[in-house]
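Please examine the model shown below. The paragraphs that follow lead through its strand pairing, its packing and one of its helices.

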Amino acid sequence: MIPIVYCGNKKVFEGIVLSSISIARRTKEPIEIHLFSMNYCIDGKNGEMIELSQVESLRELLKLINKDNEVIFHDLTNEFIKAFVGGKNLDTKYTPYAFLRLFMDDTSILPYDKAIYLDVDTMCLNDISNLFDINIDNYEIAAGLDYMGKFWVNKNYCNSGVILMNLKNIRSTKLLKKCRKLIFNHWYIMPDQTALYLLTQKVLYLDRCYNEQRKPKKDTVIKHFNKGIKWLPFFHIYNIKQWEREKVHHKLKIHEFDEDYEFFDKYFKKEVLYETKKAN
């Protein structure tokens with residue numbers, strides 16, 4: 001069983017579903033999806049928690065692929081309020097829902113020695129056990145270099161959208177506890193990613209295939225639909241997510257996930273997603 005953590009609200013639930021489908025369809029071993037969510041709203045921005053009906057729909061969907069797959073929901077509203085409300089990073093351009101991954105060290109929430117964290121804008125192209133089975137006994141985390149940050153920030157600057165967590169070591173070093181304290185007290189443009197970069201002492205740098213931030217290749221395990229730069233015909237920054245299918249097809253020229261889209265269309269309970277969008 002491979003534990004995988006996503007953090008988010010109702011607004012990004014379609015991304016979680018598509019990402020989960022892509023993993024389940026390509027992974028032989030059962031997966032256990034952990035959904036970290038909360039009710040939190042700031043300056044009128046949507047902060048509605050993922051609903052239990054959505055959790056059940058995702059569970060039913062993944063069990064069609066493997067009956068041993070599981071989905072577990074965690075309401076971390078109280079934990080978030082205690083750790084971050086009153087702190088320095090509640091109103092940045094990045095979602096505070098990402099902060100929820102900093103609770104992965106709590107054994108009452110995630111009682112494992114090792115787990116994968118994924119951003120909701122990731123998709124899987126090969127068996128994710130290729131990532132999970134990497135030996136990180138001597139490390140706190142394993143992560144890939146940030147495509148742009150390695151040039152503009154530091155050659156060892158990691159992207160935090162795909163992280164293999166050695167939770168046993170992290171609990172010993174108190175890495176995530178230190179991260180929570182740091183971003184409460186100090187403002188950063190990219191709060192939790194910066195905290196992980198500054199405080200992690202033992203990092204295994206993953207090959208690019210585990211967090212491909214550009215066009216997928218034959219050996220790609222995880223494709224990350226994060227921000228990118230186009231230089232021609234004019235300079236601009238793009239931010240296309242996997243649920244924006246037309247843009248994925250016509251602007252990014254990516255078709256590797258068409259069967260995942262077909263599975264979603266055939267089996268996912270559309271009314272659950274429709275009600276979510278209408279509520280937003």
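In this predicted model, strands S6 (residues 141–145) and S7 (residues 158–166) pair in the antiparallel sense, with four bridges between them. At one of these positions, Leu145 has Cys158 of S7 as its bridge partner. S6 also pairs with strand S8 (residues 203–206), here in the parallel sense and again through four bridges; within this pair, Ile141 stands opposite Val203. Strand S6 is mostly covered, as four of its five residues are buried. Strand S7, in turn, is joined to strand S4 (residues 114–118) by five bridges, and these two strands run antiparallel. In that pairing Ile116 faces Leu164 of S7.

These pairings belong to a wider arrangement. Seven strands form an open sheet with mixed pairing, in the order S3-S2-S1-S4-S7-S6-S8. Its edges are strand S3 (70–75) and S8, each of which pairs on one side only. From one strand to the next, the twist averages 25°. Helix H1 (residues 13–26) packs on this sheet and touches strand S1 (2–7), strand S2 (31–37) and S4. The direction of H1 makes about 165° with that of S2.

Nonpolar packing can be considered next. In soluble globular proteins, nonpolar side chains tend to be buried together. The largest nonpolar core in this model has 51 residues, of which Ile4 and Ile128 touch the most other members. H1 supplies the largest share of this core, with seven residues. Leaving aside residues up to four places away in sequence, Ile4 touches Ile23, Ile31, Glu32, Ile33, His34, Ile116, Leu118 and Ile128. Another core, of 36 residues, lies apart from the largest one; Val5, Tyr117, Ile170 and Cys179 are among its members.

Which residues of helix H10 (residues 258–267) are buried? They are Asp260, Tyr261, Phe263 and Phe264. Viewed down the axis of H10, these buried residues fall within an arc of 160°, so they line one face of the helix.

How values were computed: Residues numbered from 1 in each chain as written. Predicted model: local features only at pLDDT ≥ 70, side-chain atom pairs only at ≥ 80, totals over all residues. Heavy atoms only, no water. Buried < 20%, exposed > 50% of the residue type's maximum accessible area, 1.4 Å probe, protein only. Arc of directions from axis to C-beta. Pairing = 2+ DSSP bridges. Axes fitted to C-alpha atoms, helices over the stretch in contact; angles between N-to-C directions. Contact = heavy atoms within 4.5 Å. Core = buried A, V, L, I, M, F, W, Y, C linked by side-chain atoms within 4.5 Å.
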